[in-house]
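Hi,

Here is the structure I said I would pass on to you. Have a look at it first, and then read my notes below.

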Amino acid sequence: MTTDRPLRIVVVGGGPVAARLVQELRPALESGAARVTVLGEEPLPAYQRIRLGEVASGRLDGSELALAQSADEERDGVEIRCGAAVVSLDRDRKTVTLAGGAEVGYDRLVLATGASALIPDFPVSGTRGRGISVAPAAGARPEGVIGLRQMQEACRLREAVRSGESVAVLGGGVLGVEAALALAEVGAEVSLLHRGQTPLGRTLDVDAGRLLHRQLVDAGVQVRPDCGIQELVVAARAQDRATDRDGIPYLTALRTTQGRRIPATLLVACTGIRPRDELAAAAGLDTLPRGGIVVDRTGRCPEDAAVFAVGDCAAPLGARPSGLIGPGWEQARSAALALRGEAGHPEDTDLDAAGRPVPVPSPVPPGHRLDPIIVKSHSLSVACAGSPSVDPALDPWDPRGPHVSTWADPAAGQYLRIVSEGDRLLGFVAIGLPRTAAELSRHAGTGTLPAADRSALLALEHAAGDRELGPEDVLCRCSGATFGQVEEAAAAADTDSTTVDEVGRRCGAGTGCGTCRERIGALLAAGAVRQRAGSPA
Amino acid sequence: MSEPASETRTHCPYCALQCAMTLSVDDAGPAGTAPTVTVAGAWFPTNRGRLCRKGATAARLLGDRPDRLTVPLIREGANRQATALREASWDEALDLVATRLTALQHRHGPDAIGIFGSGSLTNEKAYTLGKFARTALRTSRIDYNGRFCMASAAKAATEVLGLDRGLPFPLTDLDEACTVVLFGSNVADTMPPFVQHLQKARDLGGLIVVDPRRSTTAQLTEGGAGHHIAPAPGTDLPLLLSLAHVLLAEGLADERYLGRRTTGLEDFRRSVVDWRPEQAQAVCGVSALRIRWLARHLAAAARAAKAGGDPVVILTGRGVEQHRDGTDTAKAAISLALLLGLPGTRHGGYGTLTGQGNGQGGREMGQKADQLPGLRSITAPADRQTVAGRWGTTAEALPGPGLPATQLLHTLGTERGVKALLVHGANVVVSAPDALQVERGLRALDLLVVCDFFLSETAALADVVLPVLQWAEEDGTLTNLEGRVLRRRRAVTGPAGARSELWILAELARRLGSTVPLAEEPEEVFAEIRRVTAGGPADYSGLDWDRCAEVAAYWPLTEPPSTETTPETTETGEPVLGTPRVFTDRFAHPDGRAHLGTITVRGAQPASAQGLTLTTGRLMEHYQSGTQTRRVAELLGVHPEATVSVHPATAAQHGLTDGGRAELRSATGTARARVVLDAGLRTDTVFMPFHFAGVGAANRLTAGLLDPRSQMPEFKSTPVDLHPVGAHDDD
């Protein structure tokens, strides 16, 4: 840019990826090379969406997730507007229009609209007031069916927990498992309905899934495998009572595909998300059939160099959004760097002490990196990444084929499975092995796993033990006195009351850091020293 | 002729713990031979009579050693490889140095001369070195090896707390602590007598050591004495931010304290919000459960401390500081302590463990590129005015900030580099990062002058080597890791041909025609330090040379020591002088508050092909570049050569065997070392001590990439590959 006017950047969406983008833009904002306006749809300023589960379970108050605007950002003129829903985008005039009709102009637009919960339209049956049946209206969602992506939904869930309502969670993905677990951990009555034989079926192998199933049951979750919803059973209050809620059907139970009736006044659908790409699609930008704004490596739309998309609404190089925060942050960084370049404030080249540029790391090859899934829970340790499955027809002992390493300790509730090929890590599952899981999630970042790490990883779970000392071994590291010298020093005294200090005066042992003094004391007390010194060599 | 043995009370020549010792000098030997000196630990609150193996054998450095430098050496001709050093008189050597310096400055300007100082120099020498540079040479190019050790912690403490005093409380406060967290510090090897102060915490199971290695200190947590947490090298910052995240997320932070004593909480909260334990886990390899546990554990301990329980202390060392994000990491550690509501209370606090003998004083006396005496800033007009006035010169005549140590060394031989370098108390071809580049740079200099008492690897490259006095041969003061100013006392007379650096600098200044005289006697210099530091953050004005010999006061001390009884005494019964605890009422910023703020994690650095990271550190038996300790048979015998510690599984994968030789390759260079298998290491980490020279020098591998905030180089995280070295291609 050659103009002296700062680059006007408008961000649509006020979630965590938008917040990260603003952070990454900081140097350009500080220097005045760019200005940024964030248009957030929700009525409250940015909050930590990822921790909504803790609000839902009542561990936290919603206000505790709030992110006050930092003083640094205020100083740099970052404008954050809440309750500013953008309804349309005019790429020719470079403006967005807000719900109230106001227009906001931009030089560069970043869409960070995220995704919305994808809640199926369930068939509904039920009664109203005095036995009149409710018409099963398609698309009319009864009260009590929610997703778990917004503060208000979390608050509704917390109410249900407090008043002891029965809650059903639909969906065996990580969100569903975490939600069910969080509720069970605070003593709520909760069922988890999921497809397939085991929860997290797409990322866990069958053995791991069975262990998780068992652990969920132990945690108090009523798990219903292979189970969908046949229909929602609703009721509605009679209209003659004339309250706000009268006439609106509300959930009382579910009928499962297995024909079972489960009482529930709240259904939390964790059945997937859909990227919110409507603005982009309506403005003629390329979007995927199942959602996602197609962008290049820097997050820029190929058809319009002034528009970027990052986070859950974006489909980098046409790949479906992952829904995970890690990739979202990286997209925010790439887009911010591109924007900084355009604002005339590119990333500083890192120089070494002699003033030469520092080599930058070569990026992890696409497809190698795995995004680890770590189930957030106060009671379970479950982590996985990539695909834990291999073609069962393959010879597991073929040195050229994919390698599967497994280890299990049913009594301890531990299970480990690592799938790799050569140096590449293709997937892993670790249950009940937090330290191993932590290491494997690190490796997932690069998608590599050195061969050495197989059994060494397991050994990490336990500390190394002590070894018996021989006479040549150094007992006191500070003085260098050996076990044998300490023996001699102790034996040289004729009294029965040799002290550790006396031993120290003779051979120096125990006069430094002092950690061996206890050991010397024990030797003296046991009388072992005396005996050994007296016996022939 | 022979006299009865005399006893001198002084402190150890090595680390910042500055253990007290008694030197017994026995002159009973034949005439003309040096007296026999024996060392015994003496009582002082930090060491309580104990010494480590280095201190206990320190007297081996004294006496008639064939390798002791006793006469100035001069190299004839420019070719360092082809010519040998020859003996010269002091006049010849000093005249030569002065003439060459003058000529170089005449040709290239004042900044053509650089000075490299040290945290091992006494306060008097460090002060005089800075004054010599700024007044006699009028060069800005002065920095010191403390840039490699303490720069990040110093910067962090200054930014957050407003003042850089390593331990802002007496070391003996640790004795009461039920919980001590050591982030990247291996005290059991680097300053063993320190470990006594961890006894209570260990008895209560409260010693927590964060280190990628199962170091000797980490092993102190075994048997129920505490916990060892082993993050991957270079990931301490995310770990610390995640701990802070849990405190804030779970409402465990001390909101009342934060409200009263800090600012900037919201900016800090922003910085940690993304670092959920699950996120941190995938970066540092410490499980989310463990991170939550530690945060809650610390919060509970801090709460108990405030309800009348035992204190909780967080300490950092080089392990977390010697990184490109070292300043931010130290800031995060301080911030963690602030969230717990500890600093400036009797319930615990934060401190950094200074490494070098005078690492604390060395960073206060004005030998840093950006600093004037008393921790004053060389860029602040008021500070320049004050110091210039007290030096009898003008602020305009003082040079501005110079090049920090690594830049100073890595630009040698380039356009931006100095043409001549004076090195005092440092062995940079072993201790500086990218040692091969440093060596090439030194060889490219027009003039290299090294002051040392042994012919170190750096001195061996010099054009002029000036023999100086060492520890037991000189008087002076040093400031220990808790900010106590100690007297070093002369016990023996140095070799006839060796001189004090104070005399050398005064002589050079005179020959250079400086109008600002330099004092030659330590006592005179100390008196000047008192005058010049008066009113500065590190204020020595109230100290007294003779009184220092009796009572080691904590700076700052402004009033002359009172003769009345003081309420507090140390455990050895001395009255407490000065300021043992610096932040009890207020922090040192003008608003009296600690300043929290934004901390950003920078991107990961490239991995090596084998995915291995080298971390460097120290051994119990050696000190720094080994110039002293490699000359003590008892120490060299235990650890005679460079080693590389490798996890057995990693060794097996790369064809290495225990006791075999390995070649390490980094983007910067190669080094060779003997393999030591260590199952206590992470499989992705290898460890080399940095005390050895030649092909075994660990710093041939380190690149010296800088922390942009402190200009401290990265030492603890270098991507390397490992290869076995066969017997035939061994050198």
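What follows is a walk through the two chains and a few places in them.

First, some ground rules. This is a predicted model, in which local features need pLDDT of at least 70 and side-chain atom pairs count only at pLDDT 80 or more, while totals for chains, interfaces and linings use all residues. Residues are numbered from 1 along each chain as its sequence is written, chains are lettered from A and ligands numbered from 1 in the order in which they are written, and side-chain values use heavy atoms, with hydrogens and water left out.

**Chain B overall**

Chain B has 24 helices and 27 strands; helices (H or I, at least four residues) and strands (E, at least two) are DSSP runs, numbered from the N terminus. Its radius of gyration is 25 Å, close to the 27 Å that the globule rule gives for 731 residues, so chain B is as compact as a globular protein of that length. That radius is taken over C-alpha atoms, and the rule is 2.2 Å times the number of residues to the power 0.38. The C-alpha trace of chain B spans about 75 × 70 × 55 Å along its principal axes.

Of those 731 residues, 67% count as buried (buried means under 20% relative accessible area, exposed over 50%, partly exposed in between, with a 1.4 Å probe and protein chains only). If you take contacts between residues at least 6 apart in sequence, 72% of them in chain B join residues at least 24 apart; contact means heavy atoms within 4.5 Å. Chain B exposes about 22,800 Å², with carbon and sulfur atoms supplying 50% of it (areas come from the Shrake-Rupley method with a 1.4 Å probe, and for residues only the protein chains shown count as cover).

**Inside chain B**

The largest nonpolar core has 97 residues, and B:L101, B:F132, B:V180, B:L182, B:F194, B:L315 and B:L466 have the most contacts inside it. Helix α2 (residues 90-108) of chain B gives the most to this core, with 7 residues. A second, separate core has 87 residues, including B:L163, B:F183, B:L243 and B:F268. Such a core is a set of buried Ala, Val, Leu, Ile, Met, Phe, Trp, Tyr and Cys residues joined through side-chain atoms within 4.5 Å. In soluble globular proteins, nonpolar side chains tend to be buried together.

Helix α4 (residues 151-161) of chain B is mostly covered, with 8 of its 11 residues buried. Among them are B:A151, B:S152, B:V160 and B:L161. The cover includes α13 (318-321), α14 (326-339), β13 (348-352) and β21 (594-595) of chain B. After α4(B) comes B:G162, with a positive phi near 90°.

Then there is B:P404, in the loop between α16 (381-391) and α17 (405-410) of chain B. B:P404 counts as buried, at 12% relative accessibility. Apart from neighbours within four places in sequence, B:P404 is in contact with B:D143, B:R147, B:A369 and B:Q711. B:P404 and B:Q711 are 307 residues apart in sequence, yet their C-alpha atoms are 6.4 Å apart in space.

**Over to chain A**

Chain A has 14 helices and 28 strands, and 49% of its 537 residues count as buried. Here 60% of the contacts between residues at least 6 apart in sequence join residues at least 24 apart.

The loop between α2 and α3 of chain A holds A:L60, which is buried with a relative accessible area of 7%. What does A:L60 touch, not counting residues up to four places away in sequence? The list is A:R51, A:E54, A:V55, A:L65, A:R158 and B:A249. A:S57 lies in the loop between α2 (52-56) and α3 (71-75) of chain A and is buried too, at 6%. Beyond its neighbours within four places in sequence, A:S57 is in contact with A:A182, A:L183 and A:V186.

Last stop: helix α9 (residues 434-446) of chain A, whose buried residues include A:T436, A:E439, A:L440 and A:H443. Their cover includes β27 (414-421) and α10 (453-459) of chain A, together with α11 (277-284) of chain B. A:G447 follows α9(A), with a positive phi near 70°.

Cheers
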